Amino acid sequence: MGLFQKSVLLIMVLLLFFFVNTGCWNRVEPEELTLVLMMGFEREEEKGDMKVTVQAANPMQRVGEEEGGSNSGEKSFWVVSAAGPTLHAALKNLNKKSTREINLTHVQTLLISEEMAREGIEPLLDFLQRGREPRFIIQPMVVEGDLARAMEGEYEAEDIGARALARQHQVVLKELAATVDYPLRIVFNRLSQPGCEILFPRVKVMEIEEDEMSRESPLEVEGAAAFHKGQMVGWLNDQETRGYNWVINDINRPVYIFESPASPDKEVTVEIFQSSSSLEARVQGEEIFIKVSVIAEGRIQETTSPEERLTGETGTADALNRRLAQAVRNDIQAALEKTQQDLKTDIFGFGNLIYRTLPREWGGLEDRWEDIYPEIQVEVEVKGDVRRSGLVKDPLEIR
Amino acid sequence: MKTEKIANRQFSFILFIMRATIPLATLPILTASNARQDAWASALLIFVGTALTIFLIVGLGARFPGKDVVEMSWHLLGKIPGNIISLVILWSFLHMASLQVRIYAEMIIVGFLPETPIIFLTASMILVAMTAAFSGVEVIGRMSDLIFFLFLAMIFFSLGTLFFEADFMNLQPVLSRGFEPVLVGSVVPLGMGSLLLVAAMLIPHLNNPERAVNSALWAMGGAVLVIISTVLLVVATLGPEEGARVVFPFVKAIGGIRISEFLERVEILAVFSWGLGLFVGLSTFVYCGAKGAARVFGLEDYRHILLPMGVIWVVLSIHDFENVFEIRSLLAPEVMGPYGFFLIFFPYLFLWGGYLIRRIEGADHQEKEEKR
Amino acid sequence: MSFIRFVSRLFPRKKKKINMDKLDISQLRELTQKEKLKPKLQDNLSLVREYYGNSLGLQVRELQIGRVNVKAAVVFIEGMVDTASVEELIKVLVINTVSSGEIIPSGFPFIKYIKEKVITSTMVEEVEELEELFDRVLRGDTALIIDGLETSLTVDTQGWKTRDIEESDAEVTIRGPRESFIESIHDNMSLIRRRLPIPQLWAEKFTVGSLSRTQVAMVYIKGLAGEGLIKEMRSRFAKTDTDGIIDSGQLEDFLEDTPFSLFPLTLRTERPDRVVAALLEGQVAVIVNGTPFVLLAPVTFFAHLQASDDHFEKVPLGTFIRILRYVAMILAIFLPGFYVGIVNFHPEMVPTALLLRIASTREGVPFPLVVEMLLMESVFEILRESGIRLPASIGPAISIVGALVLGDAAIRAGIVSPPVVVVVALTAIASFAVPNFALGIAGRILRFGFIILSSIFGLFGLQFGLLLLIVHLSSLRSYGVPYMAPAAPFIMRDMKDNIIRGWQWGQVYRPKLTGFREPVRKDPRQARRFFKIFPHDEEGQDED
């Protein structure tokens, strides 16, 4: 035990006392936090201030649950809003109405009102990136309808609205491919790269009639909001969103219904299980060609036609494949038409594709890309492939 | 006093960890240049550059296996010029260490503990490094053995998590920005290469000093691999522009992905591996700095000046930079490049010069000495 | 001067009687050491009685040997001797010398005659000093004091009750030898020797303690254990200056370098198989009389995390158990600190659902999380400590109080939150998985340090603590062997039996740092043969 070790020990003990006396700087007990799970942004109407609405979990409600007492009817979350000239100021103002420290580390979803989105989302972005609390996995969405009602939406089977919405988004994405998956990380990446625009999922606030049965969900996730230079320019419906997902190769299990090859008035339902797509760009002088090749593998889930017999010889399989391909192509074409003719925004990132694969050509195109984009020739090549027919060979014939 | 010995493997591990910690910190090849998605190419350049530095520093050290850099400069240049040269090298230890601690503490404050006074973080880190340095170089060597695998495992895990979220499309277009940004990107890490000067202090402690160059090259090869894979994955996850805009890209990238429902925001893992690596580097700096200073001032045992040196380190880490912007401007290529090159080349130009002159004029003289 | 001596010889009875009451122990000991046996039997007997203080147990049986009717006495301590052996001794002395009718050859010393021709015991020694006489008698020998001789004979008649060799309580194994050491050094030595029947198994004797005179043996395989290590141990034994040791744990204090370290630098074991395995790797065992715990040195950190079972079970199983144990050790040290750090400082890392749970359970708990954690950890430590000392019959009571009353009621009363109890319980279970008690304690103390550190800096405090721990562990040496070997310094060759458990046929080399005198255990080529996936392919091919 040399002098040195003694002095180190002494310093450590002194430090320890100091720590204990001054208290610990960042220690915060979990029950002293307002755990915000969902944030909503809109403009205040009169002053044009930022208005932040947050949905926070209410831990007190769970205590009641545990003690076996009947649910007191308290909500498991609470919603509060405040306004301020900047986002951070608005969030600070929230503390006036909260008994606990606002903590944003567990925010999962960000709701943006349609007006705000159309005005431009730029004011939001810096805050989301600079602070240490918001996560990069937050999913921003655009609300069609009243933001306050979306924030307060109560679900029958879920206790916290924010978690319910996040799950709903995932389910819609997976089962229908009717929405997009754009966490902040990808949003920032796309915004900072040349030649691509962003999409946010669309959340619809459902109108509940008085006499209607209570709905499973007060909100519906469907379609997407297309942006151009950080400003929302229009909605994509679910078909167009699906088409978009096909192009960027991010598709899960959508369902296609088309005419049965065997009997024209009956329908076949095919669910997609495996899919892949690739993009290829070609520049010839002023003409730009994009080739989208898609392979869609599906499986018959339902048919209403009793003549639907699948054997190796019949042309039925081929016809099915063709029809599936056509159905997929329709989706893609719809998305392309909407964005090229209507919205004029390059959500597919074709410009980025050219930038990445043909950087020399991109130099000449970059400045007038907005004008060029609607003129691009997009060739869509879809290969449909119905491979399996479920657990029965042939449909039931009722005699 | 018996010289403490470390194995060449441990020497490699120390150098590897010191070098591989830098990309975890600020990833200067990405953030300090506009090479963007081509930063991996700068990493290759770094390997070439560092290899040259190694030949410069370790190559000379291996010719005088029993002497550390201070003794060597006395031997080659004489007492007073030797001391001046040594002071430059010691300054680099002092400054590099305080810079690295400061960056680490900055990161903790910005990312995790915003209210903690920075001096406590730097002081605790330096204190811990001082205890290691007090125990001697053997302990530092053994520690590096222990930490190496921990460090590697953490890096592999964190890179692995990035791998599944990475979109390698972000790496295109390849080398479209020309060669200049790539070159600029390698300047800052090469400037940071002045940390290799510790090798000059460690060589007399090696089991096998003749193979020091070899060990150092292995370490650099490994470190460059880590740098390349880190920069590739960070660019692939965050995107080239974003990756260059963020202050701590690696930490941000890991924080930006969700591994599964219950495992997210594991950036602390990256921070931990950074902390472990920094600690090895720091204790080596502290040891070498104190050892060298004790030599220059003619003290028997470096342990006596460890405490005052530690205080200097803490003060330096706080007062060297007023704010983050100053760190940022120091890490800019046009400042860090010349500075680092000065720290490496100024002393070694003289040392090599002295060596070559001696070689030419007195080959027989040296032989005599060897016989003695 | 010679005149004075002459005068004093004239008046032998004038010698002053010593007043024992006025002397303290060290003076008494000194006095005993000076005292030599007298020619007269009665003088000797009174000397013995005087120094023994007529305490309980001393038996003096006076008798007459043979035809010549030499007066003699047999001195022994009741309870330390085997009565049958003493009887046998008396029988040969009293009867055999008479019945044999032999005449002592002239010129043949009487003492030699008795020693070589009369006494049938296995061990007989000549003793001239009172100190030595007592030393032997008090260890269970019987002293034969013969009138007219200044030399007495001590005969081995040891025979006291010892514990049977039983199964070990502290180190239980599922598979493997069941024997464990007992308190007698000779029995313990025999347990080792039975497993290593070679003359090169050397046991050096030492006596430690000026009063306890404890017998200590340093056991090693000559030519395998490093000479430097043996010399070092010897020199440390030479320095053990104390009045007495009861257990090997006290000896450990003398043998270790770092008094403030929490980590045990010698391994204590009750199992002979463990000792033999260690000896085979060039380590040294220290057996202390009176305790079943044998010390092994030098040992590494990883040796403390191993149990004998690992080697007896199949390889995948042994490896799995080992890894499990490492995980348990890590949990036992870090888990509570990690919990405090992560919940108090980095709530972003906790899954949302879990954080909500924690927050809701902490609703209304009066203490900060750190205090809560320290409280529960202390309670657990107290529970464990009181559980150890309790007799088995009321042991269950403490678990009822501990588990039901403290755990359940404290939660219901809202004094602590359930997650903390879960963490404490998990840590407790994990700490029991550490096979070595001493290391387990080290982990338990460290745990408190880590809780405090995490409550200051969050996970960074944990990191600072971890770094300090790494520095400390790397700087420790157990008799010259780095404590963290083979991880630091990294020795690839030794990994096979430390982090994982290698196959027995693959154990080609002894650990580099202890078994360096003969690093190869077996023919390495023979081991290589086992690695072939298709052993038939190698038929007809010759090696090398």
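How many residues of chain C are in contact with chain B, and how many of chain B with chain C? In this predicted model, 22 residues of chain C are in contact with 24 residues of chain B. Helix H19 of chain C, residues 459-475, supplies the largest share of chain C's side, 10 residues. By class, that side of chain C holds 16 nonpolar residues, five polar ones and one charged.

Chain C also meets chain A. Here 19 residues of chain A are in contact with 18 residues of chain C. Two elements of chain A give two or more residues to its side: strand S1 (33-43) and helix H2 (59-66). H2(A) provides the largest share, four residues. The side of chain A that touches chain C counts 11 nonpolar, four polar and four charged residues.

Some caution is in order for H2(A). Among the elements of chain A, H2(A) has the lowest mean pLDDT, 58. The highest, 90, belongs to strand S6 of chain A, residues 139-144. Chain A as a whole averages a pLDDT of 81, and 88% of its residues score at least 70.

Now take chain A by itself. Chain A contains 13 helices and 13 strands. It has 399 residues, and 40% of them count as buried. Look at contacts in chain A between residues at least 6 apart in sequence: 73% of these join residues at least 24 apart.

Chain A is divided into two parts, domain 1 (28-236) and domain 2 (239-399). Their C-alpha centres lie 32 Å apart. Across the boundary, 23 residues of domain 1 of chain A are in contact with 25 residues of domain 2 of chain A. On the domain 1 side, the elements that give two or more residues are helix H7 (161-175), strand S8 (219-228) and strand S9 (231-236) of chain A. The largest share, five residues, comes from S8(A). This side of domain 1 of chain A has 13 nonpolar, six polar and four charged residues.

H7 leads on to a backbone detail. A:Ala177 sits in the loop between H7 and helix H8 (184-192) of chain A. Its phi is near 55°, a positive value in a residue other than glycine. Is A:Ala177 buried or exposed? A:Ala177 counts as buried, because it has 25 C-beta neighbours inside 10 Å and the cut-off is 20 or more.

Further along is helix H10 of chain A, residues 316-343. This helix has 28 residues and reaches 39 Å from its first C-alpha to its last. That is close to the 40 Å expected at 1.5 Å a residue. Just after H10(A), A:Lys344 takes a positive phi of about 55°.

A:Arg100 lies in the loop between helix H3 (87-94) and strand S4 (101-103) of chain A. A:Leu33 is 67 residues away along the chain, yet the C-alpha atoms of A:Arg100 and A:Leu33 are separated by 5.3 Å. Leaving aside neighbours within four places in sequence, A:Arg100 is in contact with A:Glu32, A:Leu33 and A:Thr34. A:Arg100 counts as partly exposed because it has 16 C-beta neighbours inside 10 Å.

The largest nonpolar core has 323 residues, and B:Ala199, B:Val231 and C:Ala285 touch the most other members. Helix H11 of chain B, residues 212-238, gives the most to this core, 17 residues. Beyond its neighbours within four places in sequence, B:Val231 is in contact with B:Pro23, B:Leu27, B:Ile29, B:Leu30, B:Ala39, B:Trp40 and B:Ala43. Another core of 26 residues lies apart, with C:Leu41, C:Ile65, C:Ile77 and C:Leu89 among them.

Two peptide bonds in chain C deserve a look. A cis bond joins C:Ala297 and C:Pro298, with omega about -10°. C:Pro298 is in the loop between strand S10 (294-297) and helix H11 (301-304) of chain C. The bond from C:Ala485 to C:Pro486 is also cis, with omega near 5°. C:Pro486 is in the loop between strand S12 (481-482) and helix H20 (524-530) of chain C.

C:Tyr479 has a positive phi of about 50° although it is not a glycine. Its place is the loop between strand S11 (477-478) and S12 of chain C. C:Tyr479 is buried, with 22 other C-beta atoms within 10 Å.

Technical notes:
Residues numbered from 1 in each chain as written. Chains lettered and ligands numbered in written order. Predicted model: local features only at pLDDT ≥ 70, side-chain atom pairs only at ≥ 80, totals over all residues. Contact = placed C-beta atoms within 7 Å. Nonpolar A, V, L, I, M, F, W, Y, C, P; charged D, E, K, R; others polar. pLDDT = per-residue confidence, 0-100. Core = buried A, V, L, I, M, F, W, Y, C linked by C-beta atoms within 7 Å. Buried ≥ 20, exposed ≤ 12 C-beta atoms within 10 Å, placed from the backbone. Expected span 1.5 Å × (residues − 1). Domains from an automatic or database assignment.
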